[in-house]
Amino acid sequence: MFKRMKLGTKILSGFGILVILALGLGGLAVVEMKGVETESAKLAQEYVPETRIASEIERDVFSTMYAIRGYGYTGDKGFHEEAVAAMGEVKESLKKAEALASQSMHLNTLKGSIGEAERAIAEYERLMKETEKNLDEMYKIKNFMQEQAQNYMSQIEAFKKSQNEAMLSEIKQGAAQEALAERLAKLNLSAEIAELGNQARIANLRSQAERDNKIMAEGIQKIFPAIDKKLQDLESITRQGINQQQLKEIHAAASNYKEAMLKYNDTATELDQIGTARLTMGKKAMEIAKNIMNAASDHTSQISNSASASLSAAS
């Protein structure tokens, strides 16, 4: 049939076939390019913003954790202000994530993670407030302990001074050996009581410096019963009203200092527990952000590979 066609007809048929082929290939290219355009829109409008927001959340959570840890270690309000500011950034990023999820059709991981992330951040913020509350309480206790320690030492020094003066007077007057021995016993007991007070302060400060609550607990258990025993022995041989009052003041200061140490130790232990809970919540929030980023990265890779294949087919 083709052989019987005239030359002009053959030429026109050939051009017709070429036009049909060109149209087919062009149509295929258009279809492939449209697919690339659609996938590129997903990248620009969904997956890239998702990655950016998740990265912001992870970075801001880390900044919050770093600052609040510094605050927990030092009590420096500057660290607390940094933590509060960073937490504000976290919450702003969560709002962006929620808005993006509401207007996107394909961000299933983001949609499924926002609620969990918000709960983790809300709990972390609550723990931040508990941290501030505990540190404020510990600061008050420290000041109270300082006052009681000063009162303890000033009273014991006043007692020792009066006993030294009395002993010098008794020596000049040629007092009996028994009287001098009793006076010396008072001086020795008062010196031992002063030393025990110093040991209590050392246990307290060392526990704070090393962040080891066991040191304070052991000091409380060991030192204060010894102070009570020495004071009882001293009270039994003290007769002057002014000296008896000094011993009462010393006993009250020691009791107050002990109670303050117990309270501080409990508060410090609670602060450690809060710190552990904060770390758990912070890690959880960062893990959620990482999962969102990984999902966005996976989809980005899939779209890139698909686009590459589509462009190859179109060419």
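Guide: Before we look at how helices pack here, one definition: axes are lines fitted to C-alpha atoms, for helices over the stretch in contact, and angles run from 0 to 180 degrees between N-to-C directions. Also, this is a predicted model.

Visitor: Thanks! At what angle do α3 and helix α4 cross?

Guide: Their axes cross at roughly 160° and come within 10 Å. Helix α4 covers residues 177-210.

Visitor: Is α3 roughly parallel or roughly antiparallel to α4?

Guide: Roughly antiparallel, because angles over 145 degrees count that way.

Visitor: And which hand does the crossing of α3 and α4 have?

Guide: That crossing is left-handed.

Visitor: What about helix α2 and helix α3, what's their angle?

Guide: Helix α2 (residues 77-103) and helix α3 (residues 108-173) cross at roughly 165°, with axes that come within 10 Å. That angle makes α2 roughly antiparallel to α3. The α2 and α3 crossing is left-handed.

Visitor: Which residues make the contact there?

Guide: From α2, they include His80, Met87, Leu94 and Leu100. On the α3 side, Leu110, Lys111, Ile114 and Tyr124 are among them.

Visitor: New topic: where is Glu50?

Guide: Glu50 lies in helix α1, which spans residues 7-74.

Visitor: Is Glu50 buried or exposed?

Guide: Buried, yet Glu50 has no salt bridge. The nearest side chain of opposite charge is Lys111, 9.8 Å away.

Visitor: So which residues does Glu50 touch?

Guide: Leaving aside residues up to four places away in sequence, Glu50 touches Leu100, Leu107, Leu110, Ile292 and Ala296. Leu100 and Leu110 also take part in the contact of α2 and α3.

How values were computed: Residues numbered from 1 in each chain as written. Predicted model: local features only at pLDDT ≥ 70, side-chain atom pairs only at ≥ 80, totals over all residues. Heavy atoms only, no water. Helix = DSSP H or I, 4+ residues; strand = E, 2+ residues; numbered from the N terminus. Buried < 20%, exposed > 50% of the residue type's maximum accessible area, 1.4 Å probe, protein only. Lys, Arg positive; Asp, Glu negative; His and termini not counted. Salt bridge = Lys/Arg side-chain N within 4 Å of Asp/Glu carboxyl O. Contact = heavy atoms within 4.5 Å. Parallel < 35°, antiparallel > 145°, perpendicular 65-115°, else oblique. Left-handed = near helix turned anticlockwise from the far one by under 90°.
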